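Please consider the following structure with attention to its aromatic residues and its nonpolar core. The paragraphs below proceed from the overall fold to individual side chains.

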Amino acid sequence: MNERQHIHLAMCVYLLRFRSLNETMEKYWPIAGAIALPHIGGIAAAFITRKEVKTWYETLKRPTWRPPNWVFAPMWTSLYTGMGYASYLVWKEGGFDGPAKMPLMIYGANLVLNWMWTPIFFGAHKKGCALVEILALWGTIGLCTYSFYPISKTAAYIMLPYWAWVSLASALTYCIWRDNKDKKE
């Protein structure tokens, strides 16, 4: 094989690898995007929460059964990842214009409600408003899970830990609201 043939062969191998990489990226971008989307609000919430946990939150009366503060970040990371993957499964099976259109719209509303809780509770210190908001969130999680089920049972099951965690968070929000009514919001 002469030098020109070596160069031609090397270019062919490079192009095949590039094509394979491009096909791989096209396959995984939707998954990565769906998983990343819920984390956007979570990352933004972390900036609000970080300061307020040490100053305002620690001054509140909280139930003894509440999870320790260090549990929240890894828990939400896991939940956001699962939520995103569940939405990907629904999109993959039903598409944006097919039977998944309404479930994905409900999911979008759910994300907005999820992202709103932290600024209401930690940012504005509106415990009563945060309680109303988290109850609406809890309802949309149920609706979202229910709407995912006919399209992807796996996606619906993936949503259950999220629903359970928000059930705990709802109870915690209620107790904080109830036990701190005397503190100015």
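Trp 91 counts as partly exposed because its relative accessibility is 30%; buried means under 20% relative accessible area, exposed over 50% and partly exposed in between, with a 1.4 Å probe and protein chains only. The model is predicted, so local features need pLDDT of at least 70 and side-chain atom pairs count only at pLDDT 80 or more, whereas totals for chains, interfaces and linings use all residues. Residues are numbered from 1 along each chain as its sequence is written, and side-chain values use heavy atoms, with hydrogens and water left out.

The protein has five helices and zero strands, where helices (H or I, at least four residues) and strands (E, at least two) are DSSP runs numbered from the N terminus. Its pattern along the sequence is α-α-α-α-α. Of its 185 residues, 39% count as buried. Among contacts (heavy atoms within 4.5 Å) with a separation of 6 or more, 77% join residues 24 or more positions apart.

The largest nonpolar core comprises 41 residues, and Tyr 57, Phe 121, Phe 148 and Tyr 162 have the most contacts inside it. Such a core is a set of buried Ala, Val, Leu, Ile, Met, Phe, Trp, Tyr and Cys residues joined through side-chain atoms within 4.5 Å. Helix 1 (3-55), helix 2 (69-94), helix 3 (101-123), helix 4 and helix 5 each give two or more residues to this core.

Which rings are linked into a cluster by ring pairs? They are Trp 56, Tyr 57, Trp 117, Phe 121 and Phe 122. Arg 62 lies over the face of Tyr 57, 4.8 Å from the ring centre; a charge sits over a ring if NZ of Lys or CZ of Arg is within 6 Å of the ring centre and within 35 degrees of the ring normal.

The whole structure holds 17 aromatic pairs. One of them joins Trp 91 and Phe 96, tilted at 6.1 Å centre to centre with 50° between the planes. Rings of Phe, Tyr and Trp (its six-membered ring) pair if their centres lie within 6.5 Å; planes under 30 degrees apart count as stacked, over 60 as edge-to-face and the rest as tilted. Phe 96 is exposed, because its relative accessible area is 55%. Trp 138 and Trp 163 also form a tilted pair, because their planes meet at 45°, with the centres 5.3 Å apart. Trp 138 lies in helix 4 (residues 127-148) and Trp 163 in helix 5 (residues 153-179), so this pair ties together parts 25 residues apart in sequence.
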